[in-house]
Amino acid sequence: RTNMFMFNDLALLDKRDLQKILFKCSTDDLAFAVKLMDNTPVKKAIFSNVSKNNLQMIREKENSLGEPANVDKREVAAAQRKIIDLALQMEKAGEIVFPEGV
């Protein structure tokens, strides 16, 4: 399952399960994770499932990272991997449930 779950799969999670994951994520990780994404389903899902304060902080951090061309793709991948690993740990602990087929 570790190699099968992708960052974009977060958009497929139940709203409450996604919120549980996002609650445990740092603003920095979320900002880096979505920095190189346009208006994708996963970015929309993340932005619509955090508090207004957290959304503002994520957007401010995302903007402070500068132009997408200047962002280190390894940092983006590392942030996404950290969030994926958290989701996998939470699923293993029975805190969240992945939908069928994910």
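Visitor: What makes F5 buried or exposed?

Guide: Buried means under 20% relative accessible area, exposed over 50% and partly exposed in between, with a 1.4 Å probe and protein chains only. F5 has a relative accessible area of 1%, so F5 is buried. With 6%, F98 is under that limit too, so F98 is buried.

Visitor: Where do these values come from?

Guide: This is a predicted model, in which local features need pLDDT of at least 70 and side-chain atom pairs count only at pLDDT 80 or more, while totals for chains, interfaces and linings use all residues. Residues are numbered from 1 along each chain as its sequence is written, and side-chain values use heavy atoms, leaving out hydrogens and water.

Visitor: Why is the pair of F5 and F98 called stacked?

Guide: Rings of Phe, Tyr and Trp (its six-membered ring) pair if their centres lie within 6.5 Å; planes under 30 degrees apart count as stacked, over 60 as edge-to-face and the rest as tilted. Here the centres are 4.5 Å apart and the planes are at 15°, so F5 and F98 form a stacked pair. The structure holds 1 aromatic pair.

Visitor: Which parts does this pair tie together?

Guide: F5 sits in the segment before α1 (15-23) and F98 in the segment after α5 (73-92), so the pair links parts 93 residues apart in sequence. Those helices are DSSP runs (H or I, at least four residues), numbered from the N terminus.

Visitor: What makes a group of residues a nonpolar core?

Guide: A nonpolar core is a set of buried Ala, Val, Leu, Ile, Met, Phe, Trp, Tyr and Cys residues joined through side-chain atoms within 4.5 Å. The largest one has 33 residues, and F7, L10, I21, I46 and I83 have the most contacts inside it. At least two residues of this core come from each of α1, α2 (27-34), α3 (41-48), α4 (52-64) and α5. Helix α5 supplies the largest share, 8 residues.

Visitor: Which residues does F7 touch?

Guide: Contact means heavy atoms within 4.5 Å. Not counting residues up to four places away in sequence, F7 touches A33, M37, V42, I46, Q80, I83 and I84.

Visitor: How do you know whether D17 is buried or exposed?

Guide: D17, in helix α1, has a relative accessible area of 10%, so D17 is buried. Apart from neighbours within four places in sequence, D17 is in contact with E95, I96 and V97.
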